[in-house]
Amino acid sequence: MTLTTSTGHPGLVRRRLVAGIVAGFLGTAAAFGSGLTAVASAADATTVTGIVLGVGANETQRIVTWYSSADTAQKIQLAPTAELANGEFPAGAITFGATGSANIASSGGFNRHATITGLKENTAYSYRVGAEGSWSPAYAFKTQDFEGNYDFLFFGDPQIGSSGDPLKDQAGWQETLNVATAANPNIELLVSGGDHVESANNETQWNAFLGPDQLRQYPVAATIGNHDVGGKAYEQHHFTPNTDRSAAYYNNGNPAGNNSGGDYWYIYKDVLFIDLNSNSYSTAQGGGGDAAHVSYVTDVINQHGSEAKWKVLVYHHSIYSPADHAKDADNKARRVDFPTTFSKLGVDMVLQGHDHSYSRSYLIKNGEKANPAEKPGADDVVAGPGGVLYVTANSSSGSKYYDITKPDSSGTSGAGNGADPLNPDNYWYNSVQNQEHVRTYVKVEVRNDKLVVNNLRSGTCAAPNAAVEKGLSCINTPEGQPVGSIVDKVTVHPYRGDGQAIQVNVPAPAPGEFGWTIDGYNGLVDLGVAQERDGTYFEATGKINPILVSDSRRTLAPWSISASVGDFQDADKKFAGSYLGWTPYVLDAGAGAVAGAPVLSSYDDQGKGLGASSGLGSAAQGHARGGAKLGADLDLKIPDSIAKGNYRATLTITALSS
């Protein structure tokens, strides 16, 4: 009998966007503020407003969008902040030409956008938009390492204007961003769940939403909500990367009409984000409906899923929410249309808005609770194959809250809104539900081996909190639940197969400090920190996760355990698995176990290393019954010509016995 266990799968391959870059932090600090300098302009100069720093197709890009009072040629000017002198851009500043068109009549003016490309790691940049004589103030952002761990923030429904007082709503939105970025200054993305404004084409509300300078300092990934879709202002303010603006992704089936639409995707440091216009859910409206989104997600993941470790979907209408919209017919339809495909494609998490309350689902597989035994409020969960976490964000501005509603008898799977057998006050699909009538935001920690989801208070019952200021009750207590306190936190360990994955980060060669760290979980083997040897090669060592052998057969037949490793890969870069060697040993004796022979890295003997099948342990005919534990020290030696990257390989373990 032959038993083969794979230690990884193609989805673990990491996409490296820029190979071999060593970028220093060129300034002592990024100049975050309302602008480094304002250039005086003539009275008839073009006025630039509504600047948004948007996410690009990858870490090396940003898309900047703005409004212009005149139809003139404009551009972005960009330079490392360290090269500015007294707020003036250097003569060698890079420029990127802008394109755009006339706004709709109710918006007035013109919209422009341009894509910044070729950004370097760990660099503070300053930029401004416009043209000579009519530049905007300068704003600053910083890039971080293009590999490894990072955090991003997710915000639910600012919906500026929904309280009836846009200024109060703006104050709450501004305060949430102030609290969130002060507590997390190194976050790398601001992701919205939609409903930026109450009225789709109301530019007063849009100006209030765009007021915070954080939207010019951190890349924003916007989502179309139902309050944004009924006009073109959303598209005028947010130009998104890799966007399919076909008729199928517009709720009225008409990209040239008055509505906003489109689905888009981007990859940011090991996460493939896919953002959907969930307003288009029924073909009766004119668009392609949910079927079009299912096709889009399938195509994007099939084409790009192997370029990232994680798959995160974002759309507005929460299908697993706890409040007023939980039983809406359109959400029930999506609850049937989406989950099976998401499970099949290996989606890890879905971020949603719309219901102005917080919820965190159980892990859901194919429209049902994946593990009936998962406990309500569990703070550490392990996804089996097809398990997906769904998160609904509460109001980030305090403009409107929806109270949690009661389950009914409609069932505990699919479109049903029945009660959770383990917690009858909750819907069957939700592990946690919360509504205190205070502003919150979601922080997501992206790690090699886990996602950590935190829902955090950005306010209390006190102002700014427009809905409460206008008479809504509030159950928060500032003493026990202060600003910054945790509403909910969960660590999600993903399904990575039944074997062991080996990961190694290869840094750029010296000079300069370098290293890598692997935080192993669920079979991920930690090779520690690399060391450069003699200026010619890197070496990393570690241990495989032990292999337990048990043999209780009466025949006392021989057995053997062997393994081989494939190439270490990072998207289109790779190096041979032969560079990995090992020294097997018996940790716990029994079952006649004898350790296999050491295998050198091919760097040492030009052999095949573990690229060829090699014995970990074996036992001869007639051995004693019992069990053994086998281990091995790993030795990876690779030339320093290998490009910087985040490489993984699959160690295939085979058991043979008569």
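Predicted model: local features only at pLDDT ≥ 70, side-chain atom pairs only at ≥ 80, totals over all residues.
The chain has 658 residues, and 59% of them are buried. Its secondary structure comprises 9 helices and 40 strands.

**Surface**
- The chain exposes about 23,500 Å², and carbon and sulfur atoms supply 51% of that area.

**Helix α1**
- Let's look at α1, which covers residues 166–183 and has 18 residues.
- From first C-alpha to last, α1 reaches 26 Å, close to the 26 Å expected at 1.5 Å a residue.
- Several residues of α1 are buried, including Asp169, Trp173, Leu177 and Ala180.
- An α-helix has 3.6 residues a turn, so residues three or four places apart point the same way.

**A buried glutamate**
- Glu121 sits in the loop between β7 (110–116) and β8 (124–130).
- Glu121 counts as buried because its relative accessible area is 1%, under the 20% cut-off.
- The side chain of Glu121 makes a polar contact of 2.9 Å with the side chain of Lys644.

**Salt bridges**
- The whole structure holds 21 salt bridges.
- Lys637 pairs with Asp604, with their closest N and O atoms 3.1 Å apart.
- This pair links distant parts of the chain, since Lys637 lies in strand β39 and Asp604 in helix α9, 33 residues apart.
- Lys637 is buried at 12% relative accessible area, whereas Asp604 is partly exposed at 36%.
- Arg447 and Glu445 meet in a salt bridge of 3.7 Å, N to O, and both belong to a network that also links Asp151 and Lys443.

Note on methods. Residues numbered from 1 in each chain as written. Heavy atoms only, no water. Helix = DSSP H or I, 4+ residues; strand = E, 2+ residues; numbered from the N terminus. Expected span 1.5 Å × (residues − 1). Buried < 20%, exposed > 50% of the residue type's maximum accessible area, 1.4 Å probe, protein only. Polar contact = N/O pair within 3.5 Å; in protein donor to acceptor, adjacent residues only side chain to side chain. Areas by Shrake-Rupley, 256 points an atom, 1.4 Å probe, with all protein chains shown as cover. Salt bridge = Lys/Arg side-chain N within 4 Å of Asp/Glu carboxyl O.
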